[in-house]
Amino acid sequence: MYHVKEAFYTLQGEGGQAGRASVFCRFSGCNLWSGREQDRASAACTFCDTDFLGTDGQNGGRFATAEALAAHLTALWPDQDGPSVKGATPYVVFTGGEPLLQLDEALIQAMQARGFEVAVETNGTLPAPPGIDWLCVSPKGASALTITAGNELKLVYPQPEAPPERFARLDFDHFFLQPMDTGASGRRTRPADDAIAATTTDTMAASVAYCLAHPGWRLSLQTHKITGID
Ligand SMILES: C[S@@+](CC[C@H](N)C(=O)[O-])C[C@H]1O[C@@H](n2cnc3c(N)ncnc32)[C@H](O)[C@@H]1O
Ligand SMILES: Nc1nc2[nH]cc(C(=O)O)c2c(=O)[nH]1
Ligand code: SF4
Ligand SMILES: [Mg+2]
């Protein structure tokens, strides 16, 4: 049984595929935080900007088979009203919560059989099934990485326990710093973090400074928040 918090059609907001039309499938649950505010300060990941509890979101629900979920997600891709640009392949992004608690090879293959490229946003602590077309790993605090290779490493910055130098030699094609959203949705509760950057303006400035000082790292802005698309 797959548990899905929500699913929606939008533009990928972050990283190397930013701006690309995408179906998002947000799985319920995470291995680094319960999702309850009272547990945030003591969690392994403290700054999450996402509600991933339950199955009550837009197009959310419980799906018994890979085929059933794949059909549900495929229906969110728009009907083309004319010829599209070259290379306009349908795209699905599995996120969460932590998608690697639930994503399996059967679901990847079911989406690919429907013509989709399959992307994953993961914290990198769990093994990935084979066949993923675009793998984004976003390390969290002191948590050890199980996945040390992929298409992009997208580090939320700054994190006292996860400095960029820890990841710079790993086998990724792209390295991004994404300013930590410290506002209403992305919250931090530890005073130690607040001493480093109190506002998103600070995390933005710190990310820009790091990228300028360390060529190779690129800035990833959460463009869906800037545009207000979701
Ligand atoms: C909500 S997570 C879900 C996927 C997976 N659990 C992970 O952490 O990568 C999706 C993306 O949002 C990023 N993210 C979460 N909270 C954020 C925040 N407060 N500011 C900036 N990015 C954040 C994560 O690092 C990840 O790249
Ligand atoms: N538009 C949009 N792009 C995103 N890229 C990664 C997201 C996520 O929550 O995993 C996300 C999201 O929530 N919305
Ligand atoms: S950012 Fe990812 S790893 Fe951290 S609590 Fe949210 S879903 Fe879990
Ligand atoms: Mg998000």
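Trainee: In which loop is N59 found?

Mentor: Two conventions come first: this is a predicted model, in which local features need pLDDT of at least 70, side-chain atom pairs count only at pLDDT 80 or more, and totals for chains, interfaces and linings use all residues. Residues are numbered from 1 along each chain as its sequence is written, while chains are lettered from A and ligands numbered from 1 in the order in which they are written. Helices (H or I, at least four residues) and strands (E, at least two) are DSSP runs, numbered from the N terminus. N59 is found in the loop between β2 (21-27) and β3 (61-63). Its phi is near 55 degrees, a positive value in a residue other than glycine.

Trainee: Which peptide bond that involves G97 is cis?

Mentor: The bond from G96 to G97, with omega near 20 degrees. G97 lies in the loop between β4 (91-95) and α2. Y157 and P158 are also joined by a cis peptide bond, with omega about -5 degrees, and P158 has its place in the loop between β7 (149-157) and β8 (171-179).

Trainee: At what angle do helix α1 and helix α2 pack?

Mentor: Axes are lines fitted to C-alpha atoms, for helices over the stretch in contact, and angles run from 0 to 180 degrees between N-to-C directions. Here α1 (residues 66-74) and α2 (residues 105-113) pack at about 40 degrees, their axes 9 Å apart. That makes α1 oblique to α2, since angles under 35 degrees count as roughly parallel, over 145 as roughly antiparallel, 65 to 115 as roughly perpendicular and the rest as oblique.

Trainee: Which residues of α1 and α2 meet?

Mentor: Contact requires C-beta atoms, placed from the backbone, within 7 Å. A66, E67, L69, A70 and L73 of α1 meet A106, L107, A110 and M111 of α2. By class, this contact has eight nonpolar, no polar and one charged residues; Ala, Val, Leu, Ile, Met, Phe, Trp, Tyr, Cys and Pro count as nonpolar, Asp, Glu, Lys and Arg as charged, and the others, Gly among them, as polar.

Trainee: Which residues surround ligand 3?

Mentor: A residue is near a molecule if its C-beta atom, placed from the backbone, lies within 6 Å of it. Around ligand 3 are C30, L32, W33, C45, C48, T50, F52, G96, G97, E98, N123 and K140. They divide into six nonpolar, four polar and two charged.

How values were computed
Contact = placed C-beta atoms within 7 Å.
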